[in-house]
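Hi,

Here's the structure I promised to pass on. Have a look, and then read on for what turned up in it.

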Amino acid sequence: MHRTCILIVDIDECKDPNKYPCHGTCRNKEGGFDCFCPPGTRGNATMGPCIKMMTKQVRIAIGICATVFFVLIILLGLQWIKHKKRIIRQDLISKRDAYFRQHGGQLLVDMMKIENNIKFKLYCLEEIELATNNFDDKEIIGQGGQGTVYRGYDLDNNLVAIKKCKRIDENRMTEFGQELLILSRVTHKNIVKLLGCSLHFEAPVLVYEFVPNKTLHYLIHVHDQPSMRTLEIRLKIAAESAEALAYLHTHNHPIFHGDVKSANILLAHDLSAKVSDFGCSLIRSDEENLHVIKGTMGYLDPEYLLNFNLTDKSDVYSFGVVLLELVTRRRALSKDKESLVSVFKDAVKEGKLVELVDPEIADHDNMEVICKVAELANQCLAITGASRPIMRHVAEKLRRLVRPIMLHGTEELNNVGSQFPVQAWSSTNAAYDYTGEQTSDYYSQKKKAAMSVEFAR
């Protein structure tokens, strides 16, 4: 029996890369070979080439470069944002300066330099926005036809009322600054003080003293305590309001309010009257009669509705409506758009005035005074302005009426004005002015005014 010896010879696969491919480091071993990626690389050397791995230094370098790149991007972005803000701010400043010039701001500044003792402040845009919290709706305390009023604090932490006007007559923009200076000289205890303004907005912003106790309209129509609406209080407020309007009418530069109504008579802490909302009123000019002010329906002078010629007698008419509100505690214009003036005229014609008087004050001791107030209101509501009393005479009559009540007596009332009992009232009384003289143009004007009175209904 013979034995066969088989000699096994190891083959070096690494020497035959075509048959035994290795894309990395090849290491022969008995019965085969190892193929692996060398240090600094990674991958499957048998299947494909090895990929070099980044060294720590390379990774650090790449990280630094990436950081620098992102920092540059951020810096460029910030610069772009700053540039845009700069453009927006420059545009804002440009607009602000343009508004200031349009509203006569430079003329106002020059005049204030001449009058060093004037107490009137020009507020910058930022001060107004800060005071009103950028005109936040939560700060609104009143809205009207001429603008919106905000509550705010000035830089001295004083509570003020800031009115943002809705519009301004473009033809009178350059004169507005001068008119504000005139209004700033208005100093009367029963007129809301104009403290300053800002002319850097599209429409002027006016800053007034703050009056805490709402309005006469609120006291008459909303307040639920009759004790706050005694005849004495009503007449006191009426007299003070009339005195304030008389002061405006007799000012060195006569000022016509243009929107006299109970909502524009504010009440101070002691219920004293403070006439407000005349800041956007136009000041009488000797060269031309200006008539761009628009009032409130129910209070509008019929003569003004016909010719749009605003006069002091327009304020007198509107104040007559306020007197009716005080006596009747009815609104100038009802929900059905019925005019209080029309209701009043009809009641006078039919001898039923007593039925209109507010029950809260309609006791026997008050009726004589109430009749005299109604008589005065009737004079103020004459169809033609020439037939109406001037506001100074209205104020004097009211002051004489309220004085005996404040002294707790009525014996002096018989000497006040003419005897005008309710039963004697007739529609013809509207044709007479406060002196008792009939006007020559009443009947010619009456037919024209009829459509204005009907429109007010």
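Which residues does UniProt list for "domain: EGF-like"? The unreviewed entry gives residues 10–46; UniProt positions are in the numbering used here, and such annotations may be inferred rather than shown by experiment.

Before you dig in: this is a predicted model, where local features need pLDDT of at least 70 and side-chain atom pairs count only at pLDDT 80 or more, while totals for chains, interfaces and linings use all residues. Residues are numbered from 1 along each chain as its sequence is written, and side-chain values use heavy atoms, leaving out hydrogens and water.

Strands E1 (residues 25–29) and E2 (residues 32–36) pair antiparallel over five bridges; pairing takes at least two DSSP bridges. They make a hairpin with two residues between them, and Arg-27 sits opposite Asp-34 in E2.

Now the largest nonpolar core: 82 residues. That means buried Ala, Val, Leu, Ile, Met, Phe, Trp, Tyr and Cys joined through side-chain atoms within 4.5 Å, with buried being under 20% relative accessible area (1.4 Å probe, protein chains only). Phe-319 and Leu-323 are among those with the most contacts inside it. Helix H6 (residues 231–249) gives the largest share, eleven residues.

Ala-377, in helix H10 (residues 364–380), is buried at 1%. Its C-alpha atom is 7.9 Å from that of Phe-319, though they're 58 residues apart along the chain.

Cheers

Conventions:
Buried means under 20% relative accessible area, exposed over 50%, partly exposed in between (1.4 Å probe, protein chains only). Helices (H or I, at least four residues) and strands (E, at least two) are DSSP runs, numbered from the N terminus.
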